[in-house]
Amino acid sequence: MEFTEELPEVPYDDEDYPLDFDEDLEESHSRWRTAVGWGLTVAIAIVLSLVIRSFVAHAFHVESSSMEPTLAPGDRILVNKLASNPSRGALVVFSRPDGDLVKRVVALEGETVYFEDGLLKIGDSWLLEPYLSAGTGTYVRSTIPNCDPTEGFGGNEACTVPEDHVFVLGDNRRVSFDSRNFGPIPRSDLIGNAALQFWPLGDLRSF
């Protein structure tokens, strides 16, 4: 008959064994990868923001009352920089030596805009402007610069818009500094079309 000697049980204690260095190393690598991942995410977000700002869209802060009642001081709008061919009635932002301005396009290249008794005529048609406050008149008191010659009309009565230019006016005609003062603007100076008003939040709307 065979007998098997029973060995005494030895209690297991974690403190008797060294730490698992492989697990510590893996945890350290994991933390490093997480930090690098967050860093790359932030960097990509910054680059995308700069690209969008430079080529796609740009936020613009309205500082004057020249576009009232459409836009008031303090309003913020988003400008679509991909829009390079504005139509009549579009709100555009453009560069001037004294800063960026927002105005409304009223006449396109080759068109003649006439000023008669506070009203506007484009060619043979009167221009309807429902965006103006009641009683608003459009007057010109001096010669408009950079207008093509218009037979039978002086420089403060009509303006024919040159090629690759647009004629812009503010909706608050009494105080607006616009094409009546500096003439039609080159398309190359256009930053883009106003696409959205996003501030104040209660006035969120598209144009």
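Asp-117 is exposed, with a relative accessible area of 75%; exposed here means over 50% relative accessible area, buried under 20%, and partly exposed in between, for a 1.4 Å probe and protein chains only. The model is predicted: local features need pLDDT of at least 70, side-chain atom pairs count only at pLDDT 80 or more, and totals for chains, interfaces and linings use all residues. Residues are numbered from 1 along each chain as its sequence is written, and side-chain values use heavy atoms, with hydrogens and water left out.

Most residues other than glycine have a negative phi, and most peptide bonds are trans. Asp-117 is not a glycine, yet its phi is positive, at about 55°. The residue belongs to the loop between strand 5 (112–116) and strand 6 (119–122). Strands (E, at least two residues) are DSSP runs, numbered from the N terminus.

A positive phi is also found at Asn-146, a residue other than glycine, where the value is near 60°. Asn-146 sits in the loop between strand 7 (125–126) and strand 8 (158–160). Its relative accessibility is 43%, so Asn-146 counts as partly exposed.

Cis peptide bonds were examined next. One joins Glu-68 and Pro-69, with omega at about 5°. Pro-69 lies in the loop between strand 1 (57–61) and strand 2 (76–80). A cis peptide bond also joins Trp-199 and Pro-200, and omega there is about 0°. Pro-200 is placed in the loop between strand 11 (190–199) and strand 12 (205–206).

Terms used:
Helices (H or I, at least four residues) and strands (E, at least two) are DSSP runs, numbered from the N terminus.
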